[in-house]
Amino acid sequence: HLQPEQEAAHGVLSMQRCRMQGGSPGFKVALLGASGGIGQPLALLLKMDPLVSVLHLYDIVNTPGVTADLSHTDTSTIVRGFVGKDQLEASLVGMDLVIIPAGVPRKPGMTRDDLFNINAGIVRTLCEGVAKCCPNAVVHIISNPVNSTVPIAAEVFKRKGTYDPRRLIGVTTLDVVRANTFVAEVLGVDPRLVDVPVIGGHAGITILPLLSQVKPVYSLTKDEVTYLTKRIQNGGTEVVEAKAGSGSATLSMAYAAAKFADSTLRALRGEAGIIQCAFVPSQVTDLPYFASKVLLGRNGVEEVFPLGPLNEYEREGLAKLKMELKASIEKGITFVATQS
Ligand code: NAD
Ligand code: LMR
């Protein structure tokens, strides 16, 4: 490990190198849960992102090894490792973006809500660190159940007086990535050409793809719509079952999280017109959090877009998902309210 002054010198040199190459100095990003199934490939993808100038890897185990390994890749991003709860705060000071995939994943037969008892406390502790050390950072929540962990994060920030709804985002990009892939497969087109909005939340029937709003405009039969909706809603479980007890989606999630992080950083840098679906504090329905298309900008979420015209099938799906989503949101809020 480098001494702090050596590290600082290394940082300055890397910044200078970055500038000499004509790039902007980039952003500081912390990844909490960096040694895990998502954490490791996501760390690699973030280190390859030219917009990330400093990458902090925090976990309760194994970050020295992951950091040593990653630090040998010849990209200009500076990577530093932090291990154990005593180093959480150091990992967070000065960060622009904090990405949280810390927590346990599902095994076959479990719902995402079955992870609540363990992951709720993890997310609360990590967000307390964010509130203390980088209250202005944008926070991406990946840890499940997202429908509850995002409200938990919000309640922590409210308690600490640092809450800004524009800077708290639940990552649902994997639902969009899956939807694009499965729709493209049915249509026999390149998935990169397809854009499917996915609204609601991130669990089972709360995941609602709006197949009537697929871009470019394609026509799908009723059977195709039913098949695709179910497959997109069940995408996580499909992976959990295939992994047969060794975890849930990690590679596709790392891909999705890196895509969403890059979009956020481009928007923070000032790029206009960056629109993504995400689970955010929202007023587009009567629920306080909802996934829909949002405009990202210099302050995080600048605008939450309404759902647009829904067909009858989608209206039914929306009515059905609201009860489950409401209960998951309330469970998160109550969790923080009942803690001292
Ligand atoms: P994993 O078990 O492989 O990795 C989790 C990591 O978190 C481990 O390295 C562990 O040491 C670390 N961790 C545990 N407690 C911690 C703490 N207090 N502070 C910091 N780190 C801590 O799991 P994974 O496959 O990487 O999944 C992580 C989470 O992401 C799960 O909750 C999973 O359900 C969720 N997930 C969400 C999505 C999504 O679309 N939002 C997709 C896939 C997985
Ligand atoms: C996913 O959608 O893959 C994640 O939420 C993980 C899971 O438990 O399904």
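Helix α5 (residues 116–133) contributes the most to the shell around ligand 1, with three residues. Helices here are DSSP runs of H or I with at least four residues, strands are runs of E with at least two, and both are numbered from the N terminus. The model is predicted: local features need pLDDT of at least 70, side-chain atom pairs count only at pLDDT 80 or more, and totals for chains, interfaces and linings use all residues. Residues are numbered from 1 along each chain as its sequence is written, while chains are lettered from A and ligands numbered from 1 in the order in which they are written.

Ligand 1 is surrounded by 32 residues. The closest are Gly 33, Gly 36, Gly 37, Ala 102 and Asn 144. A residue counts as near if its C-beta atom, placed from the backbone, lies within 6 Å of the molecule. The shell holds 17 nonpolar, 13 polar and two charged residues. Ala, Val, Leu, Ile, Met, Phe, Trp, Tyr, Cys and Pro count as nonpolar, Asp, Glu, Lys and Arg as charged, and the others, Gly among them, as polar.

Helix α7 (residues 173–187) packs against helix α10 (residues 251–268). The angle is about 110° and the axes are 8 Å apart. Axes are lines fitted to C-alpha atoms over the stretch in contact, and angles run from 0 to 180 degrees between N-to-C directions. Helix α7 is therefore roughly perpendicular to α10, a term that covers 65 to 115 degrees.

The protein chain has 11 helices and 11 strands. Its C-alpha atoms fill a box of roughly 65 × 50 × 40 Å, taken along the principal axes.

Terms used: Angles under 35 degrees count as roughly parallel, over 145 as roughly antiparallel, 65 to 115 as roughly perpendicular and the rest as oblique.
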